[in-house]
Every structure is written in C-alpha cells, then in structure tokens.
Amino acid sequence: MGTYRVDVDIPAEDWANITKFYDVLIFNTGHWWGPDKFPKETPLVFYRGGKPIEPPLGIFDGLKVVLKSMSSYIEREVPSTTMKLWRTQSPRHFDGGEWDHNGSCLSKRLLEEHELDSWFDPRFGGVNKEARLVNSVIQEALVGTDIQLLNLTYMSEFRADAHPAIWLGKKDAVAVWGQDCMHWCLPGVPDTWVDILAARILHYFKQGEG
C-alpha cells in the first residue's frame, strides 16, 4: 500500500522561507496526526538526516520529534520581535462513534463543564480525545520557547451545538451529507477565535510600544 515520508529536520519551504517577513506568525498542526489517518498499512515513516529513524516511531512519538524540531527552527530563524503564536486544536463532537462509524452530533445545547472530560479527556478513550492528545504534545514542545500558546480548544469544547450537522436546513440533509461534527457553522465559533486573536495581537504590540 505504501508509506508516507516525514523529514523531521527539513521545514516546509512554504513557511520556512518567509520567517523574517511577517510581524505575526501563527502555527498549527494536528488534524492529520491521528492513527485513523495513517493506519499501519500506510504509516508515516520518520527520517532524520536523510535516513529512517530507528527504531521506527509511532505517530505521536513522531509528532513530538517533529514539533521539537519545528519549535527549535522557529526560535533560531524567526526574529525575536516577531509575534509567534501556536493555535491549539479545534475539537470535534462525535457521539456514539467516529465519523465513519455512525457518530452523530445532533445536540442543540451547549455541553456543561462537568461533561467535558467524559467527551475529550484521553483517559476515557472517547472518539474526541485527539484534540487534547495533540495539545499536550504541542505544549510540551513549546516549553522554554517564546512561542505563545493560543488556546482555543477549551472554549470550543462546550459548543456541541455549533456544527453543521444539526443546522443544515434541508430535509434529510444529514442522511444525504452525513454527520459533520468537525467543521463549524458560520457565523459562529471561528468568529470568536478571530476576536481573541485580534485582541492578543493588539495587546502584544501595545506592550511593545510601552
């Protein structure tokens, strides 16, 4: 079936070549770092110095190495005056199974705070654990750097009501299009993310003026 090569020490050209141009850089990763995206039949194979890392790394151990390498590159190559943010994961709200195993999100209500761990905490092994798993790896990689964490996950976990599945607006739309419990309705939650981001940027540069 084949494999997918990941060079942990070679940054992607589309962002590595512009590190000194922008005043604000926002990084994110995570959506594709799941065992369901790259099963054992078609795994990610991690390379360093042009050679496969031995012993082979699992997907989350590989992610740790990639993020450490990436954060080190950012610290080394991006000017200290540049505002550097790393956005956390957007949570999903599948209930009763994964997207391809009859998972649904037909809730019209916000989750209560006491419900969040049962939905998202990896210790409970639920289908929505991926965001917190990836976030923990990101937070670990950013320790000791000047890259700020932009945590949008927690506020979004409450919004089980804000995905398209329940609001498609057409009769039998869910049966036709399936359950979209990952993307967000617009206007909606992402607009709040933008408001928070704008406030963070303004605060950062006002501090610099002072």
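Guide: Let us begin with a definition: a crossing is right-handed if the near helix is turned clockwise from the far one by less than a right angle, and left-handed if anticlockwise. In this predicted model, the crossing of α2 and α4 is right-handed.

Visitor: Which residues of α2 and α4 make the contact?

Guide: Helix α2 contributes Phe60, Leu63, Lys64, Leu67, Lys68 and Ser71. From α4 come Leu133, Val134, Val137, Ile138, Glu140, Ala141 and Leu142. Sorted by class, the contact comprises nine nonpolar, one polar and three charged residues.

Visitor: What describes two packed helices in geometric terms?

Guide: In general, the description rests on the angle between the axes and the distance between them. Here, the axes of α2 (residues 59-77) and α4 (residues 130-142) cross at roughly 35° and come within 9 Å.

Visitor: How many helices and strands does the protein have, and in what order do the elements run?

Guide: There are seven helices and six strands. Read from the N terminus, the order is β-α-β-β-β-α-β-α-α-β-α-α-α.

Visitor: What share of the contacts joins residues at least 24 apart in sequence?

Guide: Among contacts between residues at least 6 apart, the share is 74%.

Visitor: What are the overall dimensions, and how much of the protein is buried or exposed?

Guide: The C-alpha trace spans about 50 × 50 × 30 Å along its principal axes. Of the 210 residues, 36% count as buried.

Technical notes
Residues numbered from 1 in each chain as written. Predicted model: local features only at pLDDT ≥ 70, side-chain atom pairs only at ≥ 80, totals over all residues. Heavy atoms only, no water. Axes fitted to C-alpha atoms, helices over the stretch in contact; angles between N-to-C directions. Helix = DSSP H or I, 4+ residues; strand = E, 2+ residues; numbered from the N terminus. Contact = heavy atoms within 4.5 Å. Nonpolar A, V, L, I, M, F, W, Y, C, P; charged D, E, K, R; others polar. Buried < 20%, exposed > 50% of the residue type's maximum accessible area, 1.4 Å probe, protein only.
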